[in-house]
Amino acid sequence: MSIVVTGATGALGRLVVDELLNRVPADRVAVVVRNKEKAADLAERGIDVRIADYGDAASLAGAFRAGDRVLLISGNEVGRRVPQHTAVVEAAKAAGVAQLAYTGILGGPEADFELAAEHKVTEQAILDSGLSYTFLRNGWYHENYTGHLGAVLEHGAVVGSAGEGRVASAARADYAAAAAAVLTGEGHLNRVYELSGDTAWSLSEYAAEVAAQAGREVAYAEVPAEAHLSILTGAGVPEGFAALLVDVDAAISRGRLADTGGDLARLIGRPTTPVSEAIAAALA
């Protein structure tokens with residue numbers, strides 16, 4: 001039996017692998033990746049590297065073994081994820097895995113924004129499969145914001161259309177630690193975890209924290225949804241994905257990413273990383 005991480009060369013996947021190696025020997029860990037070369041460093045660490053592609057159902061036939069505990073990290077090809085995820089679920093069922101954990105989105109079936117649609121369908125496919133599951137419904141990542149600090153500082157503004165809606169974000173590493181906890185621990189089968197940061201903040205508060213740490217003027221610039229879409233596409237974001245981001249801001253304005261239920265902190269056994277620490281790290 002192995003603990004298997006799919007999409008393991010991505011930003012979240014690598015952090016999950018690191019967390020697992022802090023808990024179990026490398027020979028208990030396997031990864032499923034599309035590109036063998038990108039996983040060369042993982043193989044050097046003693047990890048079993050299995051080559052498969054979400055978009056190639058035939059390649060997934062050998063990705064899993066009976067009794068494996070599997071983490072399905074959601075794909076990044078928005079609009080293609082339902083068939084891709086379904087192929088993984090079918091391969092996991094055929095192999096007889098012991099656990100299929102899935103990184104969905106905060107709110108699950110109650111999430112009423114477009115980015116959640118494929119996650120909801122995937123969760124239902126997992127339920128329909130009859131496999132023992134763990135749903136890790138991840139909230140927003142700090143890095144969704146701190147990854148763009150260069151542009152924020154250049155323009156002196158955090159641009160959005162979320163009003164004074166609040167975001168209970170957490171660090172990507174926090175979510176990775178939670179995934180490792182449910183893959184290596186007991187009592188997590190057929191459980192749902194709503195994962196989010198301990199504290200929710202508004203974009204105006206975020207802008208004020210960036211300003212304080214950077215020592216320069218930064219303000220939150222609230223714009224209408226249409227203008228927000230134009231700004232994003234003008235910055236090179238593909239129109240379809242830009243529309244999803246604007247829709248997320250609308251969801252934030254409705255409080256859909258503000259939950260602070262505490263599941264994440266309980267799973268990782270510590271407080272979640274404050275957004276101020278993520279800002280400091282991005283500015284360092």
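Modeller: What follows goes from the whole chain down to single residues.
Modeller: This is a predicted model, in which local features need pLDDT of at least 70, side-chain atom pairs count only at pLDDT 80 or more, and totals for chains, interfaces and linings use all residues. Residues are numbered from 1 along each chain as its sequence is written, and side-chain values use heavy atoms, with hydrogens and water left out.

Biologist: How many helices and strands in the protein chain?
Modeller: The protein chain has 12 helices and 11 strands. These are DSSP runs, numbered from the N terminus: helices are H or I with at least four residues, strands are E with at least two.

Biologist: What radius of gyration does the protein chain have?
Modeller: The value is 19 Å, which agrees with the figure near 19 Å for a compact globule of 284 residues. The radius is taken over C-alpha atoms, and the globule rule is 2.2 Å times the number of residues to the power 0.38. Along its principal axes the C-alpha trace spans about 55 × 35 × 35 Å.

Biologist: What share of the residues is buried?
Modeller: Buried residues are 50% of the 284. Buried means under 20% relative accessible area, exposed over 50%, and partly exposed in between (1.4 Å probe, protein chains only).

Biologist: And what share of the contacts comes from residues 24 or more positions apart?
Modeller: They account for 77% of the contacts with a separation of 6 or more. A contact means heavy atoms within 4.5 Å.

Biologist: Next, the core. Which residues touch the most other members of the largest one?
Modeller: That nonpolar core has 57 residues, and Val5, Val16, Leu20, Phe64, Leu71, Leu136 and Leu195 touch the most other members. Helix α7 (residues 172-184) gives the most to this core, with eight residues. A second, separate core of 29 residues includes Phe113, Ala116, Leu153 and Leu203. A nonpolar core is a set of buried Ala, Val, Leu, Ile, Met, Phe, Trp, Tyr and Cys residues joined through side-chain atoms within 4.5 Å.

Biologist: What does Phe64 touch?
Modeller: Leaving out residues up to four places away in sequence, its contacts include Val4, Val32, Arg50, Val88 and Val97.

Biologist: Switching to Ala87. Buried or exposed?
Modeller: Ala87 counts as buried because its relative accessibility is 11%. Ala87 lies in helix α3 (residues 81-95). Beyond four places in sequence, Ala87 touches Tyr54, Ala57 and Leu60.

Biologist: How about Ala242: buried or exposed?
Modeller: Ala242 is at 0% relative accessibility, so Ala242 counts as buried. Ala242 is in helix α10 (residues 239-253). Not counting residues up to four places away, Ala242 touches Leu229, Leu232, Thr233 and Val237. Ala242 and His228 are 14 residues apart in sequence and 8.7 Å apart in space, C-alpha to C-alpha.

Biologist: Now the loops. Where is Asn190?
Modeller: Asn190 sits in the loop between α7 and β9 (191-195). Asn190 is partly exposed, with a relative accessible area of 42%.

Biologist: What is the phi of Asn190?
Modeller: Phi is near 55°, a positive value in a residue other than glycine. Most residues other than glycine have a negative phi.

Biologist: Last one. Where is Gly163, and what is in contact with it?
Modeller: Gly163 is in the loop between β7 (157-160) and β8 (166-167). Leaving aside neighbours within four places in sequence, Gly163 is in contact with Tyr220 and Glu222. At 23% relative accessibility, Gly163 counts as partly exposed.
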